[in-house]
Amino acid sequence: MTRPTAAFFDLDKTIIAKSSTLAFSREFQAGGLISRRAMLRSAYAQLVFFTGGADHDQMDKMRAFMSQLCAGWDVATVREIVHDTLDNIVEPLVYDEAVSLIEEHRAAGRDVVIVSASGAEVVEPIGEMLGADRVIATRMEIVDGKYTGTIDYYAYAEEKARAIEHLAATMGYDLDECFAYSDSVTDVHMLDVVGHPFAVNPDKELRRIAHERDWPVLSFVRPVALRRRIPVPPARPTLAALAVGGAVAAGGVIWANRRRRGPD
């Protein structure tokens with residue numbers, strides 16, 4: 001029998017046109033979770049991320065900048081804010097080209113898996129919106145209904161590749177026949193574990209590596225309102241959030257205070 005296959009998509013700047021981790025800063029400020037100053041600083045971090053890519057040094061700086069920010073936040077409040085504002089914040093930012101690819105992979109019988117260093121509180125509802133079968137996302141530690149400011153798992157760099165390999169072993173995916181898409185050099189390991197890697201809007205280093213390894217390079221340039229392309233599905237009971245280890249945050253501007261575990 002033919003083994004099942006999947007298409008693995010990074011989220012930020014691959015499916016959506018900005019950082020999902022920082023997209024909700026204004027909404028969290030309106031909800032009383034962060035100060036106006038922190039909101040403005042996160043907007044600046046968003047600009048740096050979009051214009052300069054997300055290499056390891058920038059991720060370190062962003063994590064240091066956001067350290068301790070989410071400690072004490074009420075989990076239910078965060079999820080409510082994300083749920084109530086998701087359509088307005090994220091839905092118009094989805095790349096038309098990414099939606100087409102997702103549709104093609106689903107028509108070919110492949111599972112669609114979103115793999116993101118952003119927090120599960122954001123990635124899971126976006127996955128539901130897109131009809132993804134599963135997500136792999138960062139997870140915050142929660143005690144008594146509040147974030148502690150530390151991380152249970154961090155879906156970043158090599159951890160993405162390990163999570164994909166673990167999921168493939170669980171689901172029986174033939175990785176040689178699987179696809180992966182990302183914009184960042186930090187996802188080289190994720191791209192390297194599948195038989196069909198694609199660089200999407202790549203940063204300078206990923207573009208260089210893609211040319212060296214003959215990986216196709218795609219350009220996504222048309223953010224659209226998702227509802228114009230496909231009916232937005234209800235929450236899918238098959239959506240499974242997997243956690244992978246490390247040290248960055250969930251939700252809008254949630255970054256952890258614990259140093260990243262292991263090599264990048």
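Is Phe 198 buried or exposed? Select Phe 198 to begin: this residue is buried, with a relative accessible area of 17%. Here buried means under 20% relative accessible area, exposed over 50% and partly exposed in between, using a 1.4 Å probe and protein chains only.

Before you go on, note that this is a predicted model, where local features need pLDDT of at least 70, side-chain atom pairs count only at pLDDT 80 or more, and totals for chains, interfaces and linings use all residues. Residues are numbered from 1 along each chain as its sequence is written, and side-chain values use heavy atoms, with hydrogens and water left out.

**Stop one: the aromatic rings**

Rings of Phe, Tyr and Trp (its six-membered ring) pair if their centres lie within 6.5 Å; planes under 30 degrees apart count as stacked, over 60 as edge-to-face and the rest as tilted. That rule gives six aromatic pairs. For one of them, pick Tyr 154 and Tyr 156, which are stacked at 4.9 Å centre to centre with 15 degrees between the planes. Tyr 154 is buried at 1% relative accessibility, and Tyr 156 is buried at 4%.

Helices (H or I, at least four residues) and strands (E, at least two) are DSSP runs, numbered from the N terminus. Phe 179 is buried too, with a relative accessible area of 14%. Show Phe 9 and Tyr 181 as well, and you have one aromatic cluster made of Phe 9, Phe 179, Tyr 181 and Phe 198.

**Stop two: strand S1**

Phe 9 takes you to S1 (residues 6-9), where Ala 6 and Phe 8 point one way, Ala 7 and Phe 9 point the other way, and all are buried. In a regular strand the side chains alternate between the two faces of the sheet.

Next, display the neighbours of S1; two strands pair if DSSP finds at least two bridges between them. S1 runs parallel to strand S3 (residues 111-119), joined by four bridges, and Phe 8 stands opposite Val 113 in S3. S1 also pairs with S6 in the parallel sense, over three bridges; look for Ala 7 opposite Phe 179.

**Stop three: helix H6**

Finally, select residues 120-130, helix H6, where eight of the 11 residues are buried. Among them are Val 122, Val 123, Ile 126 and Leu 130. Just after H6, click on Gly 131, which takes a positive phi of about 75 degrees.
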